[in-house]
Amino acid sequence: MRRTRPRLCFAASSGGHLEELLMLRPLMERYDSFIVTEKTAYAAALNGVRCRYLLQVNRRQRSCLPRMALNAAHSLLICLAERPDAVVCTGALATVPLCLLARALGARLVFIESYAKVNTPTRTGRLLYRFAHRFYIQWPELQEHYPNALYAGGVF
């Protein structure tokens, strides 16, 4: 059966990245949407939005690579089950496999660079810049790092 509305995946790691993503709730409500974020000890206020979880990843821990591998496998399962038409991502590390796999499976990729980064790019942004169909920055100072990025102000 064909979907009548596009399915959007909103992806973000926990904490501030997720809070930024939740600023897009009006957009989430216009589409068949779901969120992918890290499973943490605290519950985020997702208020009725479907959610899928990945393992929390910290690049400074020894378990980073095994957790990324598990997240890649889980991200593939999410992509195959949900078949998103687009992924809107605010970062960070745990969401990279999901973004790349969804893109490889034909989804559009929209990345929003972190509001906290005024003058320097994030590692996730630098990586996903070349794969994103649309790349947004929230500060005009970042235009020198991302010449093809779109500046539309902040999400807050």
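This is a predicted model: local features need pLDDT of at least 70, side-chain atom pairs count only at pLDDT 80 or more; totals for chains, interfaces and linings use all residues.
What volume does the largest pocket have? I started my notebook with that one, and the answer is about 440 Å³.

**Entry 1: pockets**

I looked up what surrounds the largest pocket and found a lining of 20 residues. His17, Arg59, Ala92, Leu93 and Thr124 are the ones nearest its centre. Helix α5 gives the most to this lining, with three residues.

Next I turned to the second largest pocket, which holds about 160 Å³ of space. Its lining has 13 residues, and Leu24, Ile112, Tyr136, Ala152 and Val155 lie nearest the centre. Two elements, β5 and β6, each give two or more residues to that lining. For the second largest pocket, I wrote down 10 nonpolar residues, three polar and no charged.

**Entry 2: cysteines**

How many disulfides does the structure hold? I got zero. I checked Cys64, and the nearest cysteine sulfur belongs to Cys89, 16 Å away. A disulfide needs two cysteine sulfurs within 2.5 Å, so Cys64 is in none. Cys79 isn't in one either; its nearest cysteine sulfur, on Cys9, is 7.0 Å away.

Are these two buried or exposed? Cys64 has 10% relative accessibility, so I put it down as buried. Cys79 comes out at 3%, so Cys79 is buried too.

**Entry 3: rings**

I searched the whole structure for aromatic pairs and got five. One of them is Tyr115 with Trp139: the ring centres are 5.1 Å apart and the planes sit at 40°, so I filed the pair as tilted. This pair links distant parts of the chain, 24 residues apart. Tyr115 is in the loop between β5 and α5, while Trp139 is in the loop between β6 and β7. Tyr115 counts as partly exposed at 31% relative accessibility, and Trp139 as partly exposed at 24%.

Then I looked at Phe135 and Tyr146, another tilted pair, with 4.4 Å centre to centre and 45° between the planes. Phe135 and Tyr146 are both buried. They also belong to one aromatic cluster with Phe111 and Tyr129.

Note on methods. Residues are numbered from 1 along each chain as its sequence is written. Side-chain values use heavy atoms; hydrogens and water are left out. Buried means under 20% relative accessible area, exposed over 50%, partly exposed in between (1.4 Å probe, protein chains only). Rings of Phe, Tyr and Trp (its six-membered ring) pair if their centres lie within 6.5 Å; planes under 30 degrees apart count as stacked, over 60 as edge-to-face and the rest as tilted. Helices (H or I, at least four residues) and strands (E, at least two) are DSSP runs, numbered from the N terminus. On a 1 Å grid over the protein atoms alone, a cavity is a set of points where a 1.4 Å probe fits but cannot get out, and a pocket is an open set with protein on both sides within 12 Å along at least five of seven lines; lining residues have an atom within 4 Å of a point. Grid points are joined across faces, edges and corners, and a volume is the space filled by probe spheres set on the points. Ala, Val, Leu, Ile, Met, Phe, Trp, Tyr, Cys and Pro count as nonpolar, Asp, Glu, Lys and Arg as charged, and the others, Gly among them, as polar.
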